[in-house]
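Look at the model below, first as a whole and then at one of its helices.

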Amino acid sequence: MKAWSEAYGIAITSFSRLEALAAESANGTNLIAASFNANRNQVYGGLFRTRDAGLQLVEEEMVAVPADFISWVAQRAGEQKVSWISMDPELLTSQEVWQARLQAGETLVKSSNVLAPAIARIGRQLALQGRYTDVLALDAEYIRRPDAEVYWKGRPARGS
């Protein structure tokens with residue numbers, strides 16, 4: 001999208017994949033926890049609060065082991081119910097700490113892998129609000145170092 005925006009001079013909006021996931025679960029609850037598999041026995045996760053103008057990230061998105069993510073969300077939610085959505089729900093529901101969320105009446109919905117409708121809705125909403133992204137300042141935001149950097153950095157090049 002960045003390249004097309006630069007090449008054609010078209011304004012764009014930007015937001016995270018977690019926000020698109022959370023938008024799929026916006027069903028009237030005030031808090032939405034979204035996550036997906038980050039590999040390395042971790043999840044990417046974020047907690048969002050519903051607002052009239054869309055979703056607002058409660059704190060920074062994170063990479064955490066599933067049990068820690070569940071506990072982190074529970075601490076921030078307090079007595080409020082949370083809607084949970086994940087592309088990989090078994091990563092959360094297999095955790096012992098998930099039982100407390102079930103007892104609190106919370107459920108976890110498996111997200112579709114098709115996020116295009118949510119992406120279109122969020123992008124349109126941001127555009128209507130005039131919240132465009134400076135394409136020259138747009139860059140990938142990595143929460144942790146990529147596997148390639150962790151596992152391959154410092155190894156000798158092939159043929160060396």
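What percentage of the 160 residues in the protein do buried residues make up? The model is a predicted one, and in it buried residues account for 32% of the 160 residues. Buried here means under 20% relative accessible area. The accessible surface of the protein is about 10100 Å², and carbon and sulfur atoms contribute 51% of that surface.

The protein contains 7 helices and 6 strands. Along the sequence their order is α-α-β-β-β-β-α-β-α-α-β-α-α. Among contacts with a separation of 6 or more, 61% are between residues 24 or more positions apart.

Now turn to helix 3, which comprises residues 66-77. At 1.5 Å a residue, the 12 residues of helix 3 should span 16 Å, and the C-alpha atoms at its ends are 17 Å apart, so the two values agree.

Which residues of helix 3 are buried? They are Pro66, Phe69, Ile70, Trp72, Val73 and Ala77. These residues lie on the same side of helix 3, because the arc they cover around the axis is only 160°.

After helix 3 comes Gly78, which has a positive phi, near 60°.

Technical notes:
Residues numbered from 1 in each chain as written. Predicted model: local features only at pLDDT ≥ 70, side-chain atom pairs only at ≥ 80, totals over all residues. Heavy atoms only, no water. Helix = DSSP H or I, 4+ residues; strand = E, 2+ residues; numbered from the N terminus. Expected span 1.5 Å × (residues − 1). Buried < 20%, exposed > 50% of the residue type's maximum accessible area, 1.4 Å probe, protein only. Arc of directions from axis to C-beta. Contact = heavy atoms within 4.5 Å. Areas by Shrake-Rupley, 256 points an atom, 1.4 Å probe, with all protein chains shown as cover.
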